[in-house]
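I opened this notebook to keep track of what I look up in one structure. The entries follow the order in which I looked.

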Amino acid sequence: MDMQELDKAVKELRELRRMAKELEKEMGAAEERIKGEMEARETEVLEGPDWKVTWKRVTSSRLDGAALRKELPEIAARFTKQSTVRRFLLS
């Protein structure tokens with residue numbers, strides 16, 4: 001890939017990311033409208049002719065790694081697993 005093609009690919013990626021952010025905003029706004037309606041109707045489930053929306057509370061339990069490292073650092077170190085990844089950034 002020559003520099004001109006690379007420049008074109010980077011510009012295309014920037015534009016696609018901009019469009020994705022715009023869509024994320026629009027999707028978030030639509031979701032908030034639906035949640036508002038669900039709150040107004042005091043329901044966790046809405047159904048239409050070909051769709052169903054649920055918005056329910058979910059409880060989960062997760063390990064507090066920071067607290068474990070603080071209280072029992074030797075145990076936390078024994079069970080800590082490192083990984084290496086490649087991060088792709090465009091600025």
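Is Arg18 buried, exposed or partly exposed? I looked up its relative accessible area and found 40%, so Arg18 is partly exposed. My cut-offs are under 20% for buried and over 50% for exposed, with partly exposed in between (1.4 Å probe, protein chains only).

**Ground rules.** I am working with a predicted model, where local features need pLDDT of at least 70, side-chain atom pairs count only at pLDDT 80 or more, and totals for chains, interfaces and linings use all residues. I number residues from 1 along each chain as its sequence is written, and side-chain values use heavy atoms, with hydrogens and water left out.

**Overall form.** I read the secondary structure next. The chain has three helices and two strands. Helices (H or I, at least four residues) and strands (E, at least two) are DSSP runs, numbered from the N terminus. Along the sequence the pattern is α-β-β-α-α. The chain is more spread out than a compact globule, because its radius of gyration is 23 Å, well over the 12 Å that the globule rule gives for 91 residues. That radius is taken over C-alpha atoms, and the rule is 2.2 Å times the number of residues to the power 0.38. I also noted the box that the C-alpha atoms fill, roughly 55 × 50 × 20 Å along the principal axes.

**Surface.** Of the 91 residues, 4% count as buried. The chain exposes about 9300 Å², and carbon and sulfur atoms supply 52% of it. I take accessible areas from the Shrake-Rupley method with a 1.4 Å probe; for residues, only the protein chains shown count as cover.

**Charges.** I looked up 20 positive and 19 negative side chains, and the centres of the two sets lie 6 Å apart. Lys and Arg count as positive and Asp and Glu as negative; His and the chain ends are not counted. Each charge is placed at NZ of Lys, CZ of Arg, CG of Asp or CD of Glu.

**Salt bridges.** How many salt bridges does a search of the whole structure find? The search gives six. The criterion is a side-chain nitrogen of Lys or Arg within 4 Å of a carboxyl oxygen of Asp or Glu.

Back to Arg18. Its partner is Glu15, with the closest N and O atoms 2.6 Å apart. Glu15 is partly exposed at 35%.

Lys35 came next. Glu31 forms a salt bridge with Lys35, at 3.0 Å between the closest N and O atoms. Both lie in helix 1, four residues apart. Glu31 is partly exposed at 42%, whereas Lys35 counts as buried at 18%. Glu32 also meets Lys35 in a salt bridge, at 3.7 Å from N to O. Glu32 and Lys35 are three residues apart in helix 1. I then found that salt bridges with shared partners join Glu15, Arg18 and Glu22 into one network.

Where does Glu42 lie? I placed Glu42 in the loop between helix 1 and strand 1 (45–47). Its phi is near 50°, a positive value in a residue other than glycine. Most residues other than glycine have a negative phi. Glu42 counts as exposed, at 74%.
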